[in-house]
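Let's take a walk through this fold together. Have a look at the model first, and then we'll start with a sheet.

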Amino acid sequence: MAGWKQLEVHTEDQTPHKWSVSLSEETFRGFFANGSPTVHKIFGDGSLFSPLLFGKFFDPSDAFPLWDFESDVLLSSLRSSGKTSIDWFQTDDAYVLKADLPGAGNSTVQVYVENGKIMEISGQWKPQRDQSKAKDWRSGHWWEPGFVRRLELPEDVDWRETEAYVSNDMFLEVRIPKSTSDSGTPGNGTMTKNSA
């Protein structure tokens, strides 16, 4: 993929309880109403990280079964207004997610696959104010300096072969191959592939 940089897809997360503070609809509306232009780019209409992406409020730190729905149907109102920059689909051999990363650079984007069941795309848009108070920026009010979308993986995937790429620091593509046989038990560590 010319012009694309491959991201590491991690399978071991050192902060398993990082989303312990959920985002309620009321909290989000207050946060968004008083937010900066960066907040509006990251969490606004059509963003992968918007809690309102799917037509009603859904905390992005909760897993969503994305590939159970057709993107044309779920995002029809956003597409008709030209407000979305996300798409997902499946081919004969893979599940694919494409999305803009507004306001985020590729150095902040992280992709995790948890136990072969949940894919988490997260990042940070500004440094933590006081790193000594928390082990991880996502363990506090994660939505203030960061963004996340957690997605349920379909059952027929070879999650160990997941690939994630960014282009121009602003566009993400994730490919999760379909399984050709039983993929066994979850592993740990970091997966990378050299792209040609």
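In what order do the five strands of the open sheet run? The order is 1-9-10-5-4, with antiparallel pairing; strands here are DSSP runs of E with at least two residues, helices are runs of H or I with at least four residues, and both are numbered from the N terminus. Two strands pair if DSSP finds at least two bridges between them. Strand 1 (4–7) and strand 4 (86–90) sit at the edges with a single partner strand each, so one side of each has no neighbour in the sheet. From one strand to the next, the twist averages 20 degrees, where axes are lines fitted to C-alpha atoms and angles run from 0 to 180 degrees between N-to-C directions.

Before going on, note that this is a predicted model: local features need pLDDT of at least 70, side-chain atom pairs count only at pLDDT 80 or more, and totals for chains, interfaces and linings use all residues. Residues are numbered from 1 along each chain as its sequence is written, and side-chain values use heavy atoms, leaving out hydrogens and water.

Phe89 has Val96 in strand 5 as its bridge partner. Overall, the protein has four helices and eleven strands.

Now for the inside. Of the 196 residues, 45% are buried, meaning under 20% relative accessible area (1.4 Å probe, protein chains only). Ile121 touches residues including Leu48, Leu97, Phe147 and Val174, not counting residues up to four places away in sequence; a contact means heavy atoms within 4.5 Å.

Notes: Buried < 20%, exposed > 50% of the residue type's maximum accessible area, 1.4 Å probe, protein only.
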